[in-house]
Amino acid sequence: MPKRKGKDQGGGGGKRHDSGLLAADKSLGQNFLKNPAVVDSIVERAKLRPTDAVLEVGPGTGNLTVKLLARAKSLVAVEFDPRMVREVKKRVEGDPRKHRLELIQGDILKTPLPFFDVCVANLPYNISSPFLFKLLAHRPYFRCAVVMFQEEFAQRLSARPGDALYCRLSVNTQLLAKVTQLIKVGRNNFRPPPKVDSRVVRIEVRNPPPPVDFVEWDGLLRLLFNRLDRGHFRQLRLAIFSKANLKILYVTFQIVASAQFTLDVSFPDPFSRYLDFLDVLTLDMFGTIRCDWDPSTNPPRMTTNLV
């Protein structure tokens with residue numbers, strides 16, 4: 001899926017190089033995958049079944065399309081550039097399986113997604129984030145998506161607490177899906193070569209989804225990650241772990257614990273259980289705070305340190 005610009009995207013057959021290859025439109029952020037070995041690797045990692053309905057986003061000149069068409073029961077390809085739509089039609093003109101293909105010319109961010117089992121996408125990097133979350137919100141559930149992203153963006157999707165690339169995107173994506181890094185694709189595998197390398201990832205949406213209000217959750221993360229620099233972290237930490245907030249958290253935990261937990265006898269009292277729970281929760285979520293509790297004091301004392 002290329003960038004959207006205000007100019008008319010219709011017209012003739014499009015500019016071509018002297019070699020006869022269709023020229024990439026830089027204003028659309030187009031970079032065509034030209035290495036057939038990478039194309040084959042992407043198709044293999046999609047693990048398609050003969051009964052699968054496949055969604056392809058950004059088919060470009062059709063290098064992936066013809067491979068997917070040979071393995072899937074049906075294929076819907078969404079392409080923004082009408083030149084590419086015409087190119088794909090030419091590529092499959094003599095293919096006896098062309099009846100399996102439906103080509104849609106449009107903006108993938110505005111186009112309703114059809115039913116599909118597997119999604120394969122090679123799209124411009126400037127729409128990576130909105131496309132990703134549109135994909136994660138899609139229902140009914142699909143089996144997986146195999147998507148090409150800019151390398152750093154792809155690495156952020158599976159970054160862990162403490163990693164330099166760990167961010168709000170990492171937390172939200174991992175909340176909603178399992179992400180597996182598949183292959184690195186160097187810039188020279190594209191025509192023209194982009195300025196950065198790429199990565200292909202496999203995305204499997206969690207089913208059932210976590211029982212959270214995603215809008216509220218994302219609002220909390222936005223606040224946290226916007227303040228995770230050294231200058232603001234102390235203020236944020238003091239706000240979260242103030243006595244008033246700790247009391248509210250403890251009362252809430254008692255309610256949850258009474259409904260969901262069987263208190264283990266190894267914990268001397270529910271408050272100790274709560275402290276252990278909050279310690280683990282804090283470390284798992286933020287990965288940047290170390291909480292040390294001393295329940296022998298009255299009231300129990302907590303110290304926190306950056307790690």
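Mentor: Start with a definition: buried means under 20% relative accessible area, exposed over 50%, and partly exposed lies in between, using a 1.4 Å probe and protein chains only. Helices (H or I, at least four residues) and strands (E, at least two) are DSSP runs, numbered from the N terminus. This is a predicted model: local features need pLDDT of at least 70, side-chain atom pairs count only at pLDDT 80 or more, and totals for chains, interfaces and linings use all residues. Residues are numbered from 1 along each chain as its sequence is written, and side-chain values use heavy atoms, leaving out hydrogens and water.

Trainee: What makes strand β9 mostly covered?
Mentor: Count its residues. In β9 (residues 198-205), 7 of 8 are buried.

Trainee: Why is helix α6 called largely enclosed?
Mentor: Because 8 of the 9 residues in α6 (residues 168-176) are buried. Among them are Leu169, Val171 and Gln174.

Trainee: Why is Gln174 called buried?
Mentor: Its relative accessible area is 16%. The cut-off is under 20%. So Gln174 counts as buried.

Trainee: Which residues does Gln174 touch?
Mentor: Contact means heavy atoms within 4.5 Å. Leaving aside residues up to four places away in sequence, Gln174 touches Arg156, Leu157, Ser158, Ala159, Arg160 and Arg206.

Trainee: How do you know that β6 and β9 pair?
Mentor: Pairing takes at least two bridges found by DSSP between two strands. Strand β6 (residues 144-150) and β9 have 6, in the antiparallel sense. Met148 stands opposite Val200 in β9.

Trainee: What joins β7 to β9?
Mentor: 8 bridges join strand β7 (residues 177-185) to β9, and the two run antiparallel. Here Val179 stands opposite Ile203.
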